[in-house]
Amino acid sequence: MGIEVVVEGLTKSFGKQNIWQDVSLTLPAGEVSVMLGPSGTGKTVFLKSIIGLLKPEKGRVLINGVDMVNSPEREIMETRKLFGLMFQDGALFGSMSLFDNIAFPLREHTRKKESEIRRIVMERIDIVGLLGAEEKLPGEISGGMRKRAGLARALVLDPQIILCDEPDSGLDPVRTAYLSQLLIDLNAQIDATMLIVTHNLDIAATVPDNMGMLFCRNLVTFGPREVLLTSDMPVVSQFLAGRREGPIGMSEEKDAATLAAEQTNGHGYATGPRTVVPQLEPSPGMPVRQAALRRRERVISMMGQLPEAARTAIMNSYTPTLDGGRR
């Protein structure tokens with residue numbers, strides 16, 4: 001099973017520019033979480049801070065008792081082996097075949113024999129649907145295939161935490177749908193804790209157990225997916241609807257005068273009740289997602305703390321199974 005990741009009071013700046021401040025959240029063990037936000041809100045910086053590649057000025061990231069911000073470098077390096085990281089562009093070596101790209105972490109960080117490396121690599125290639133392409137170079141395949149190769153490489157060290165940085169960037173809607181299903185199937189198979197950074201609304205609506213949003217140097221919200229998907233907060237409503245009217249501007253947040261003018265001109269932010277589409281299920285033949293079962297118990301236990309719209313959405317999604325069935 002995956003490992004819980006606890007983020008407490010994280011603050012990061014570059015020089016005088018504050019990226020985000022006092023971010024606190026918990027990624028539940030084995031569940032899939034998504035972090036949304038407009039471009040430039042520091043989502044990738046957040047991923048790199050979790051894995052210890054960037055050092056926030058304040059706060060902690062606790063994984064198995066190790067603080068990825070403040071612990072000794074030796075402990076951070078050891079804990080980093082629990083992670084698999086999928087970069088935006090796949091980050092593949094152009095002169096290496098897909099097989100050698102995917103085998104790279106095993107050859108770099110383990111002393112496994114080549115026969116064992118081949119077995120592991122081919123298993124991962126099969127999981128991401130790239131059998132037959134293992135001898136191709138990254139330049140000879142599509143962007144979607146490069147993404148899947150990057151995901152296979154992230155899996156070879158059997159990570160318990162997987163971080164995906166905009167896995168949909170550069171993909172058309174059909175390939176994004178295939179990737180979304182692949183991420184759910186992967187979670188069903190290996191039960192790893194997953195955090196996906198994206199601004200793709202299709203992934204956000206159908207993949208995660210939990211959702212958060214970064215905007216204006218703050219974590220707007222983080223919790224069960226239904227909380228964000230039914231939120232009436234102006235910034236959330238604007239983002240989910242893809243509208244120009246609202247707090248998000250072209251470069252950063254709009255000033256108060258612009259917002260007031262939009263309201264005066266009748267461009268309100270209320271969208272009415274939003275339908276929460278069902279979360280993706282594993283493909284036929286895949287195991288039941290243990291994370292979904294744990295998540296159901298966890299969310300039902302916290303119903304009293306959630307907004308009414310989120311409670312209604314949760315009850316609607318679980319109603320057929322609350323009588324003893326299994327979702």
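Colleague: Taking buried as under 20% relative accessible area, exposed as over 50% and partly exposed as in between (1.4 Å probe, protein chains only), which of these is Arg 217?

Modeller: Arg 217 is partly exposed, at a relative accessible area of 33%. This is a predicted model, in which local features need pLDDT of at least 70 and side-chain atom pairs count only at pLDDT 80 or more, while totals for chains, interfaces and linings use all residues. Residues are numbered from 1 along each chain as its sequence is written, and side-chain values use heavy atoms, with hydrogens and water left out.

Colleague: Where is Arg 217?

Modeller: In the loop between β9 (210-215) and β10 (218-224). Helices (H or I, at least four residues) and strands (E, at least two) are DSSP runs, numbered from the N terminus. The phi of Arg 217 is near 65°, a positive value in a residue other than glycine.

Colleague: What about the phi of Asn 64?

Modeller: Asn 64 has a positive phi near 55°, and is a residue other than glycine. Its loop runs between β4 (58-63) and β5 (66-67). With a relative accessible area of 59%, Asn 64 counts as exposed.

Colleague: Back up a bit. How many helices and strands does the protein chain have?

Modeller: There are 12 helices and 10 strands in the protein chain. Of its 327 residues, 51% are buried. Among contacts (heavy atoms within 4.5 Å) with a separation of 6 or more, 65% come from residues 24 or more positions apart.

Colleague: Which residues touch the most other members of the largest nonpolar core?

Modeller: Leu 36, Val 121, Leu 151 and Met 213, out of 48 residues in that core. A nonpolar core here is a set of buried Ala, Val, Leu, Ile, Met, Phe, Trp, Tyr and Cys residues joined through side-chain atoms within 4.5 Å. Another core lies apart from that one, with 30 residues, including Leu 27, Leu 47, Val 61 and Leu 214.

Colleague: What does Val 121 contact, leaving aside neighbours within four places in sequence?

Modeller: Phe 99, Ile 102, Ala 103 and Leu 106. In soluble globular proteins, nonpolar side chains tend to be buried together.

Colleague: How do α3 and α4 pack?

Modeller: The angle between α3 and helix α4 (residues 114-127) is about 125°, and their axes are 10 Å apart. Axes are lines fitted to C-alpha atoms, for helices over the stretch in contact, and angles run from 0 to 180 degrees between N-to-C directions. The two helices are therefore oblique to each other; angles under 35 degrees count as roughly parallel, over 145 as roughly antiparallel, 65 to 115 as roughly perpendicular and the rest as oblique.

Colleague: And which hand is the crossing of α3 and α4?

Modeller: Right-handed. A crossing is left-handed if the near helix is turned anticlockwise from the far one by less than a right angle, and right-handed if clockwise. On the α3 side the contact includes Phe 99, Ile 102 and Leu 106, and on the α4 side Ile 117, Val 121 and Ile 125 are among the residues involved. By class the contact has 9 nonpolar, no polar and 3 charged residues. Ala, Val, Leu, Ile, Met, Phe, Trp, Tyr, Cys and Pro count as nonpolar, Asp, Glu, Lys and Arg as charged, and the others, Gly among them, as polar.

Colleague: At roughly what angle do α3 and α5 cross?

Modeller: The axes of α3 (residues 98-109) and α5 (residues 143-155) cross at roughly 30° and come within 7 Å. That makes α3 roughly parallel to α5. The contact is made by Leu 98, Asn 101, Ile 102 and Pro 105 of α3, with Ala 149, Ala 152 and Arg 153 of α5.

Colleague: Is Asn 101 buried or exposed?

Modeller: Asn 101 is buried, at 0% relative accessible area. Leaving aside neighbours within four places in sequence, Asn 101 is in contact with Leu 92, Phe 93, Met 96, Pro 138 and Arg 153.

Colleague: Different topic. Why is α1 described as largely enclosed by the rest of the structure?

Modeller: Because 6 of the 8 residues of α1 (residues 43-50) are buried. Those are Lys 43, Val 45, Phe 46, Leu 47, Ser 49 and Ile 50. Just after α1, Gly 52 takes a positive phi of about 85°.
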